[in-house]
Amino acid sequence: MNEKFFEQPLENYLRTELIAKIKSLLEERIKKHIEKERKRMPRRSIRERRKLQSFSLTYAALISFADIDFEDLHEETKGETFSEMLMRLIEESGEKNSAIYTRANIDRRHFSKIAKHKDYKPSKQTVLAFALALKLDFDQTQKLLAAAGYILNKSILSDLIVSFFIEYKIFDVDSANQALYKYNQPLLGG
């Protein structure tokens, strides 16, 4: 896939996500400031208290919670190891094992080790490569990562880049690796 195809959308996506992260940090600081001011409230006038309450409500509305309920995510993946989940997802895809591991840039011996060892602990890059090869959506990717003990964290640049490819349905490990390489991030695969 041509790198130019996703270069500008990727930069826009990164910019948007980084702005969201900065906004979140500011909101956290504002929340701490509001709590600090509330403790001093008995010493304030009624007018000052109303101002603070209005300010507090405005910013409380801006604070959003994570898209994922990690307790539910844990319950859904409890009992199924990464290896078991991967094999189930490959079977559900209807494709051959070799087609999936080849698309994920995983060699046959590495895949065989994953398939044979129920408690195999892959690297995060290996899990993400399989997620792209299997064309998993964001939630499915989070579940596969959780089975291996990871999460997709948009505070980490490499995770943000992979999130872009998942959200825009660009399920090409080579293209994702080109973008990761451009930003000096670890490459996907094994």
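Visitor: Hi! Which residues in H7 meet Thr 141, Leu 144 and Leu 145 in H8?

Guide: Hello! In this predicted model, the H7 side of that meeting is made up of Lys 124, Val 127, Leu 128, Phe 130 and Ala 131.

Visitor: And at what angle do the axes of H7 and H8 cross?

Guide: They cross at roughly 145°, with the axes coming within 10 Å. H7 passes H8 in a right-handed crossing.

Visitor: Let's stay with Leu 144 for a moment. What does Leu 144 touch, not counting residues up to four places away in sequence?

Guide: Quite a list: Phe 82, Met 85, Leu 86, Leu 89, Val 127, Phe 130, Ala 131 and Leu 136. Leu 144 is also one of the residues with the most contacts inside the largest nonpolar core.

Visitor: Stepping back, how many helices and strands does the chain have?

Guide: There are 10 helices and zero strands. Reading from the N terminus, the elements run α-α-α-α-α-α-α-α-α-α.

Visitor: What share of the chain is buried residues?

Guide: Buried residues make up 35% of the 190 residues. The accessible surface comes to about 12,000 Å², and 52% of that belongs to carbon and sulfur atoms.

Visitor: And what about contacts with a separation of 6 or more: what part comes from residues 24 or more positions apart?

Guide: Those account for 67% of such contacts in the chain.

Visitor: Changing topic: charges. How many salt bridges turn up in the whole structure?

Guide: Six of them. In general, side chains of opposite charge can pair when their charged atoms come close. One example is Asp 159 with Lys 124, where the closest N and O atoms are 2.5 Å apart. Asp 159 lies in helix H9 and Lys 124 in helix H7, so this pair ties together parts that are 35 residues apart in sequence.

Visitor: Is Asp 159 buried or exposed?

Guide: Buried, because its relative accessibility is 2% and the cut-off for buried is under 20%. Lys 124 counts as buried too, at 16%.

Visitor: What else is Asp 159 in contact with, leaving aside neighbours within four places in sequence?

Guide: Along with Lys 124, Asp 159 contacts Leu 128, Ile 151, Leu 152 and Asn 153.

Visitor: Got it. Which residue meets Glu 167 in a salt bridge?

Guide: That would be Lys 154, at 2.7 Å from N to O. Glu 167 sits in helix H9, while Lys 154 is in the loop between helix H8 (138-147) and H9, 13 residues apart. Glu 167 is partly exposed at 39% relative accessible area, and Lys 154 is partly exposed at 26%.

Visitor: Where are Glu 84 and Lys 118, the pair 34 residues apart?

Guide: Their side chains meet in a salt bridge at 3.5 Å, N to O. Glu 84 is in helix H4 (residues 82-93), and Lys 118 is in the loop between helix H6 (108-116) and helix H7 (124-133). Glu 84 counts as partly exposed at 30% relative accessibility, and Lys 118 is partly exposed at 48%.

Visitor: Which residues are linked in a network of salt bridges?

Guide: Glu 80, Arg 88 and Glu 92.

Visitor: Back to H9, then. How many of its 11 residues are buried?

Guide: Nine of them, so H9 is largely enclosed by the rest of the structure. They are Ser 158, Asp 159, Leu 160, Ile 161, Val 162, Ser 163, Phe 164, Phe 165 and Ile 166. Just after H9, Lys 169 takes a positive phi of about 55°.

Visitor: Last one! Which residues of helix H10 are buried?

Guide: In H10 (residues 173-182), they are Val 173, Ser 175, Ala 176, Asn 177, Ala 179 and Leu 180. H10 is followed by Asn 184, which has a positive phi near 55°.

Notes
Residues numbered from 1 in each chain as written. Predicted model: local features only at pLDDT ≥ 70, side-chain atom pairs only at ≥ 80, totals over all residues. Heavy atoms only, no water. Contact = heavy atoms within 4.5 Å. Salt bridge = Lys/Arg side-chain N within 4 Å of Asp/Glu carboxyl O. Helix = DSSP H or I, 4+ residues; strand = E, 2+ residues; numbered from the N terminus. Buried < 20%, exposed > 50% of the residue type's maximum accessible area, 1.4 Å probe, protein only. Areas by Shrake-Rupley, 256 points an atom, 1.4 Å probe, with all protein chains shown as cover. Core = buried A, V, L, I, M, F, W, Y, C linked by side-chain atoms within 4.5 Å. Axes fitted to C-alpha atoms, helices over the stretch in contact; angles between N-to-C directions. Left-handed = near helix turned anticlockwise from the far one by under 90°.
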